[in-house]
Amino acid sequence: MIRFDNSYARMPQGFFARVDPTPVTAPSLLALNGPLADRLGLDRDALTVEMLAGNAVPQGATPLAQAYAGHQFGGFVPQLGDGRAVLLGEVVAPDGARFDLQLKGSGPTPFSRRGDGRAWMGPVLREYLVSEFMAAMGVPTTRALAAVATGDQVWREQGGLPGAVLTRVAASHIRVGTFQYFAVRDRKDALAALTAHVIARHYPGADGPLALLDRVVAAQAETIAQWMALGFIHGVMNTDNMAISGETIDYGPCAFMDVYHPQTVFSSIDRQGRYAWANQPQIAVWNLAQFATCLIPLMGEEEAAVEAATTAVHRFAPLYQAAWLRRFGAKLGIDGEAHQSLIESLLQMMAEQKADFTRVFAGLSDGTARDEFTDRAAFDVWARDWQALSPDMAAMARANPRRIPRNHRVEQAITSAVAGDMAPFERLFDAITHPHDMRADWADLAQAPTPAQAVRQTFCGT
Ligand code: AMP
Ligand code: MG
């Protein structure tokens with residue numbers, strides 16, 4: 001039995017639509033995250049495949065689709081909402097932390113517009129792998145509790161594909177777009193209720209909307225700096241995909257770079273490179289400005305409110321810069337603040353020489369970084385300056401994963417899973433959720449793709 005306590009279901013009229021998941025034909029378990037179930041205090045026997053597929057609604061759940069709006073690639077859409085997900089409810093873990101349990105791909109809702117409410121196995125397994133890697137690296141993120149195959153086909157551009165449902169766990173699924181939904185409707189009462197809910201849930205002690213804004217700005221600055229330090233490209237940083245909790249959410253066309261280049265983009269629909277790796281901090285600021293705009297009506301006299309909100313959003317830049325220097329400093333085992341130019345000269349050399357992002361940093365610990373460069377003499381000059389600082393090897397080991405969910409490996413795992421073989425997925429999952437372990441039998445998973453293997457585009461056709 002799962003002990004639910006569904007605070008969102010107690011929010012006022014208009015926050016959500018009550019809707020049950022739509023049953024599927026032949027549910028079968030693809031993956032279950034036992035350690036996460038334990039961390040949440042969930043009895044593994046309660047996590048039946050019928051429940052995880054949406055065929056059986058557990059006692060105490062109040063399935064609902066959340067309303068939200070959002071800026072998608074800069075264009076405002078006043079109504080989005082959970083079009084293919086339902087929040088089953090919230091559970092309180094043994095340590096008191098509250099988590100949403102959401103089924104994603106669980107069938108149509110009143111917010112589905114023209115969509116089928118479903119997901120196919122590819123993006124479900126991609127999210128499972130990538131979000132759990134992020135968690136293993138200590139990046140704030142939603143988590144993956146389970147993936148089930150539905151036995152039904154879903155139709156996408158590629159044709160008929162096997163359907164799947166992901167059980168997603170999050171501190172909450174409240175987004176910048178949730179605030180925008182009420183702001184655009186002039187629902188000041190609802191904005192106040194949402195603000196109070198979010199403060200109580202995520203930022204207890206924050207004294208009102210301005211303090212909340214400060215906290216969210218700080219949380220996002222830390223999270224985005226962590227993405228950057230892993231070469232992570234979110235791919236769809238729309239305001240509906242930015243969580244108020246600071247957790248990374250919505251792993252649609254996301255990917256990690258192999259070769260380092262700051263303008264790297266993978267998403268097939270991001271034709272302008274709006275969400276390229278190097279643009280992510282500026283986009284975060286843009287999104288946070290939208291959040292701030294929603295809060296202004298709650299902040300008293302308008303002129304003063306605008307000024308205070310603007311100042312709060314501008315704090316992102318110095319906080320992010322400090323977090324970035326701390327993260328990249330740790331990757332080099334040095335004080336990033338004091339040696340910014342050394343970090344920047346390495347990155348520049350990596351870009352010029354098309355070096356593999358993950359392998360360079362991991363290789364600094366064991367002397368193999370040099371092999372990633374074509375102009376080794378240039379690297380040696382840099383390395384002399386770096387070594388003169390006596391880098392902290394333990395800090396480096398923690399900051400630099402040996403293995404990441406490389407695109408080509410994720411795609412291989414998906415292809416095999418579609419063919420009924422979960423072994424490559426399981427092996428990859430094990431290797432990337434132990435990202436620091438040195439294991440000879442995982443050496444292949446630390447390799448960069450060959451030019452033929454390299455994946456250059458990811459698809460949102462989720
Ligand atoms: P995403 O790109 O996953 O962030 O989704 C953007 C919006 O489209 C959200 O409102 C989703 O619920 C909705 N959506 C995406 N895919 C589907 C689908 N297959 N069926 C219904 N709604 C969808
Ligand atoms: Mg989304």
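This is a predicted model: local features need pLDDT of at least 70, side-chain atom pairs count only at pLDDT 80 or more; totals for chains, interfaces and linings use all residues.
Helices (H or I, at least four residues) and strands (E, at least two) are DSSP runs, numbered from the N terminus. The crossing of α4 past α5 is left-handed, meaning that the near helix is turned anticlockwise from the far one by less than a right angle. On the α4 side, the contact (heavy atoms within 4.5 Å) is made by T178, F179, F182 and A183, and on the α5 side by A190, L191, L194, T195 and V198. Seven of these residues are nonpolar, two are polar and none is charged; Ala, Val, Leu, Ile, Met, Phe, Trp, Tyr, Cys and Pro count as nonpolar, Asp, Glu, Lys and Arg as charged, and the others, Gly among them, as polar.

Next come the strands. Strand β7 (residues 98-104) is largely enclosed by the rest of the structure, because six of its seven residues are buried; buried means under 20% relative accessible area, exposed over 50%, and partly exposed in between (1.4 Å probe, protein chains only). Strand β6 (residues 85-92) pairs with β7 in the antiparallel sense over seven bridges, where pairing requires at least two DSSP bridges. V91 stands opposite F99 of β7. Five residues lie between the strands of this hairpin, and G96 takes a positive phi near 95 degrees. β7 is also joined to β10 by five bridges, again in an antiparallel arrangement, with L166 of β10 as the bridge partner of K104.

Within strand β10 (residues 159-170) sits T167, which is buried at 0% relative accessibility. Beyond its neighbours within four places in sequence, T167 touches L52, Q102, L103, R143, A144, L145 and A146.

W277 belongs to the loop between β12 (255-256) and α7 (280-295) and is buried too, at 4% relative accessibility. Its contacts, with neighbours within four places set aside, include W227, F232, Y260 and F328.

Residues are numbered from 1 along each chain as its sequence is written, and chains are lettered from A and ligands numbered from 1 in the order in which they are written. Local features need pLDDT of at least 70 and side-chain atom pairs pLDDT 80 or more, while totals for chains, interfaces and linings use all residues, and side-chain values use heavy atoms, leaving out hydrogens and water.
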